[in-house]
Every structure is written in structure tokens, then in C-alpha cells.
Amino acid sequence: MSTNQYELTVAWTDAVIASRVELADSSWKRMRGLLGRGSLAADAGMRFEPASSLHMMFMRFAIDVVYVDREERVVKLVRDFKPWRFSWARGARTAYELSTGSIDRSGVVVGDLLQLRAVDQPMVA
């Protein structure tokens, strides 16, 4: 069974950063991202790959961003990334857009190795 829901954790502690991560796995999804949404649930996020930079043009709310390299090792953290701003990270391959406060709640730090796991979803009758 294919899944479209993922959980992002810190590999060595299993601390959950986001339990509902969407993949921006098409050109359209990467272009649209979180645009048009009024908020992001505290346990939600979106994964962008490839992405070494992000912009917040036309966004309605702030987010946290975690940039990781090819091995999913954290290279930069951006807390409370506000609308109409730009951000980038040297050496980043992937970016996770998360609800504000996710970085502090999970305790993730630069250098941590992250793990993205498929979450089994119950069959809907």
C-alpha cells in the first residue's frame, strides 16, 4: 500500500518534529507549497527536495524551517520565518517547512540526523 503521510523525527532521540509531513514531490506542489493556506497545524509540515532556499512571498503566517543535507543531517534552522522574507542554507539539499515552534518543541539542533518515515494509514471503508 502506498502512503502519502510521513513522520519526521530526530534519529537518535526519536523526538517527533512533525507527525503529518506532506511531500512537495511535483513541480506544481513545490511551486504552490503552503501558499493559500491560512495556517499550518502544530503537527504538520511539508518537505521540499531539492531546496536550498525558500521564500515567503504571499504567505499569511510564519513557519519554522529545517534545512538538511543529502544525508538528512541538519545544516540550518530558521525559527519564526515571517512572510515576505527569503532564506537559504549552504549545503542544503532539502527543506522542511513546519509550524512555528516545531524546532523548539522537538529540540532539534544543527548536526542532528533526521528520519522521515512512512506512517501506516488505516483503510477507509
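A residue is called buried under 20% relative accessible area, exposed over 50%, and partly exposed in between, using a 1.4 Å probe and protein chains only. The model shown is predicted, so that local features need pLDDT of at least 70 and side-chain atom pairs count only at pLDDT 80 or more, whereas totals for chains, interfaces and linings use all residues. Residues are numbered from 1 along each chain as its sequence is written, and side-chain values use heavy atoms, with hydrogens and water left out.

**Strand 5 and its antiparallel partners, strand 6 and strand 8.** Helices (H or I, at least four residues) and strands (E, at least two) are DSSP runs, numbered from the N terminus, and two strands pair if DSSP finds at least two bridges between them. Strand 5, which spans residues 63-68, is joined by five bridges to strand 6 (residues 74-81), the two running antiparallel. With strand 8, strand 5 also pairs in the antiparallel sense, here over six bridges.

**Strand 8, with T94 and the pairing to strand 3.** All six of the six residues of strand 8 (residues 94-99) are buried, and the strand is therefore largely enclosed by the rest of the structure. Strand 3 (residues 44-48) pairs with strand 8 over four bridges in the antiparallel sense, and within this pairing M46 has E97 of strand 8 as its bridge partner. T94, which is found in strand 8, has a relative accessible area of 1% and is therefore classed as buried. Contact means heavy atoms within 4.5 Å, and, not counting residues up to four places away in sequence, T94 touches R47, F48, E49, A51, V66, Y67, V68 and E72.

**D64, a buried acidic residue without a salt bridge.** A salt bridge is a side-chain nitrogen of Lys or Arg within 4 Å of a carboxyl oxygen of Asp or Glu. In assigning charge, Lys and Arg count as positive and Asp and Glu as negative, while His and the chain ends are not counted. D64 lies in strand 5, and the nearest side chain of opposite charge, that of R79, is 6.0 Å away from D64. A polar atom of the D64 side chain lies 3.1 Å from the backbone nitrogen of S102. Leaving out residues up to four places away in sequence, D64 has contacts that include V78, R79, Y96, L98, G101 and S102.

**The largest nonpolar core and a second, separate core.** A nonpolar core is a set of buried Ala, Val, Leu, Ile, Met, Phe, Trp, Tyr and Cys residues joined through side-chain atoms within 4.5 Å. The largest such core has 18 residues, and those with the most contacts inside it are L54, I63, V65, Y67, F81 and A95. Strand 3, strand 5 and strand 6 each supply at least two residues of this core. A second, separate core of 16 residues includes V10, A15, A18 and V74. Returning to L54, and leaving aside its neighbours within four places in sequence, this residue is in contact with V65, Y67, F81, R85, F86, S87, A95 and E97.

**Salt bridges, of which the structure holds eight.** One of them joins the side chains of D43 and R20 at 2.8 Å, N to O. That pair links distant parts of the chain, with D43 in the loop between helix 1 (27-32) and strand 3, and R20 in strand 2 (residues 16-24), 23 residues apart. D43 is partly exposed, with a relative accessible area of 30%, and R20, at 36% relative accessibility, counts as partly exposed too.

Another salt bridge is formed by E49 with R93, whose closest N and O atoms are 3.5 Å apart. E49 lies in the loop between strand 3 and strand 4 (53-55) and R93 in the loop between strand 7 (86-88) and strand 8, so the pair ties together parts that are 44 residues apart in sequence. E49 is partly exposed at 31% relative accessibility, as is R93 with a relative accessible area of 28%.

The side chains of K82 and D80 also meet in a salt bridge, at 2.3 Å from N to O. Salt bridges that share partners join R47, E49, E72 and R93 into one network.

Note on methods
Polar contact = N/O pair within 3.5 Å; in protein donor to acceptor, adjacent residues only side chain to side chain.
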